[in-house]
Amino acid sequence: TPPKVMEFLEGYNAQPNTLVFDFNDRGHPTGEAFVEFQTADDAKRACKELNGLFLGKRYIELFHTTHREWERVEKNSPW
């Protein structure tokens, strides 16, 4: 859920209004989420320190991506 993801990212300056979840063509969640950070350094620090941790029972992998990819997901998100 958005609150759980933002809680996981607390202290890394993730921008809550940019959090989007990806959905497949059938409208089912893919398990991927995208969020923008205040700075590139915040994003790098989050990737370094949080990658491989768990959010509940979910294993978390963080990747750098492009703003264009975020826009694609945001455009198609039903939320």
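Is His28 buried, partly exposed or exposed? At 43% relative accessibility, His28 counts as partly exposed, where buried means under 20% relative accessible area, exposed means over 50%, and partly exposed lies in between, computed with a 1.4 Å probe on protein chains only. The model is predicted, so that local features need pLDDT of at least 70 and side-chain atom pairs count only at pLDDT 80 or more, while totals for chains, interfaces and linings use all residues. Residues are numbered from 1 along each chain as its sequence is written, and side-chain values use heavy atoms, with hydrogens and water left out.

The protein holds three helices and four strands, which are DSSP runs numbered from the N terminus, a helix being H or I over at least four residues and a strand being E over at least two. Read from the N terminus on, the order of these elements is α-β-β-α-β-β-α. The radius of gyration is 12 Å, close to the 12 Å that the globule rule gives for 79 residues, so the protein is as compact as a globular protein of that length; the radius is taken over C-alpha atoms, and the rule is 2.2 Å times the number of residues to the power 0.38. Along the principal axes, the C-alpha atoms fill a box of roughly 35 × 30 × 20 Å, and buried residues account for 30% of the 79 residues. If contact means heavy atoms within 4.5 Å, then among contacts between residues at least 6 apart in sequence, 43% join residues at least 24 apart.

Strand S1 (residues 20–23) and strand S2 (residues 29–34) pair in the antiparallel sense over three bridges, pairing being assigned if DSSP finds at least two bridges between two strands. One of the positions that can be followed here is Phe23, whose bridge partner in S2 is Pro29. The two strands form a hairpin with five residues between them, and in its turn Gly27 has a positive phi of about 85°. Gly27 counts as partly exposed at 43% relative accessibility, and its C-alpha atom is separated by 8.7 Å from that of Ser77, 50 residues apart along the chain. His28, with which this account began, also lies in the loop between S1 and S2. Not counting residues up to four places away in sequence, His28 touches Asp22 and Phe23, whereas the C-alpha atoms of His28 and His64, 36 residues apart along the chain, are separated by 23 Å.

Asp22 itself, a residue of strand S1, counts as buried with a relative accessibility of 7%. Leaving aside neighbours within four places in sequence, Asp22 is in contact with His28, Pro29, Thr30, Gly31, Glu32, Phe34, Arg72 and Val73. The C-alpha atoms of Asp22 and Ala33, eleven residues apart along the chain, are separated by 5.9 Å.

Pro2 lies in helix H1 and is partly exposed at 29% relative accessibility, and the C-alpha atoms of Pro2 and Val20, 18 residues apart along the chain, are separated by 8.4 Å. Asn13 is found in the loop between H1 and S1 and is partly exposed, with a relative accessible area of 35%. Most residues other than glycine have a negative phi. Asn13, although not a glycine, has a positive phi of about 60°.

The largest pocket has a volume of about 1200 Å³. Of the 36 residues that line this pocket, the closest to its centre are Gly31, Glu32, Ala33, Phe34 and Glu61. A pocket is here an open set of points on a 1 Å grid over the protein atoms alone, where a 1.4 Å probe fits, with protein on both sides within 12 Å along at least five of seven lines, and lining residues have an atom within 4 Å of a point; the volume is the space filled by probe spheres set on the points, which are joined across faces, edges and corners. At least two lining residues come from each of helix H1 (2–8), S1, S2, helix H2 (40–50), strand S4 (58–59) and helix H3 (67–76), and S2 gives the largest share, six residues. The lining divides into 21 nonpolar, eight polar and seven charged residues, with Ala, Val, Leu, Ile, Met, Phe, Trp, Tyr, Cys and Pro counted as nonpolar, Asp, Glu, Lys and Arg as charged, and the others, Gly among them, as polar.
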